[in-house]
Amino acid sequence: MNKAQKRTWLCLVISLAGISLGAAAVTLIKIMQLNMANTDHHTTFRLLSLLLTIPLILIVIIGARFPKKIFDERDKLIDRKANAVGIVGAFVFLGAASWFLGVITKMGSIKVVQITLLVYLAAFVWCFISSAAGLIQYGGGGKDGKK
């Protein structure tokens, strides 16, 4: 397994963690809005946002540890194709999630907190889909991507 594959696996795991944390945050916010309608819970949102930045920091650390400039042409081609697939997947996710939130809320309105979380989740959906597409292109081969 070369460095590009290691980077792809790490991004896949971190993006899954980010998606899980984001989904938990959406659930927590919804529960808090239902249980405490008149209570000020800005402190909880701030602490939650700090927790949600941890996966983003990890992705930056991965970028510093595995720089793309040392990859060969095959790795760069795989990364470019995987990013294109990831961008399409993120936009499909944003469209579907916005439509879903617009349908289930009253009068088709979406709160600012939900939009922020959608953008956050879209970043990790992009990372997850591009990592999965990259691993599929590598084909799960042996050493250095060779079968």
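A residue is called partly exposed when its relative accessible area falls between the under 20% of a buried residue and the over 50% of an exposed one. That cut-off is a handy starting point for the predicted model shown above, since Leu58, at 37% relative accessibility, therefore counts as partly exposed. Val92, at 54% relative accessibility, counts as exposed because exposed means over 50%.

With these terms in hand, the overall layout can be described. The protein chain has 4 helices and 0 strands, and its elements follow the order α-α-α-α from the N terminus on. Of its 147 residues, 33% are buried. The chain exposes about 9500 Å², and carbon and sulfur atoms supply 71% of that area. Among contacts with a separation of 6 or more, 83% are between residues 24 or more positions apart.

The inside of the model comes next. The largest nonpolar core consists of 8 residues: Ala25, Ile29, Leu48, Leu52, Leu117, Tyr120, Leu121 and Phe124. At least two residues of this core come from each of helix 1 (3-35), helix 2 and helix 4 (112-138). Helix 4 is the greatest contributor, with 4 residues. Another core lies apart from this one; it has 5 residues, including Cys11, Ile14, Ile62 and Phe66. Returning to Leu48, its contacts beyond the neighbours within four places in sequence are Ala25, Leu28 and Ile29.

After helix 4 comes Gly139, which has a positive phi, near 80°.

Together with Leu51, Ile54, Ile57 and Ile61, Leu58 makes a nonpolar surface patch of about 430 Å². In general, an α-helix has 3.6 residues a turn, so residues three or four places apart point the same way.

Val92 belongs to helix 3, made of residues 73-104. Along the chain, Val92 and Val125 are 33 residues apart, while 9.9 Å separates their C-alpha atoms.

Note on methods
Residues numbered from 1 in each chain as written. Predicted model: local features only at pLDDT ≥ 70, side-chain atom pairs only at ≥ 80, totals over all residues. Heavy atoms only, no water. Patch = residues over 30% accessible without salt bridge, like charges linked within 9 Å, V, L, I, M, F, W, Y side chains within 5 Å. Areas by Shrake-Rupley, 256 points an atom, 1.4 Å probe, with all protein chains shown as cover. Salt bridge = Lys/Arg side-chain N within 4 Å of Asp/Glu carboxyl O. Buried < 20%, exposed > 50% of the residue type's maximum accessible area, 1.4 Å probe, protein only. Core = buried A, V, L, I, M, F, W, Y, C linked by side-chain atoms within 4.5 Å. Contact = heavy atoms within 4.5 Å.
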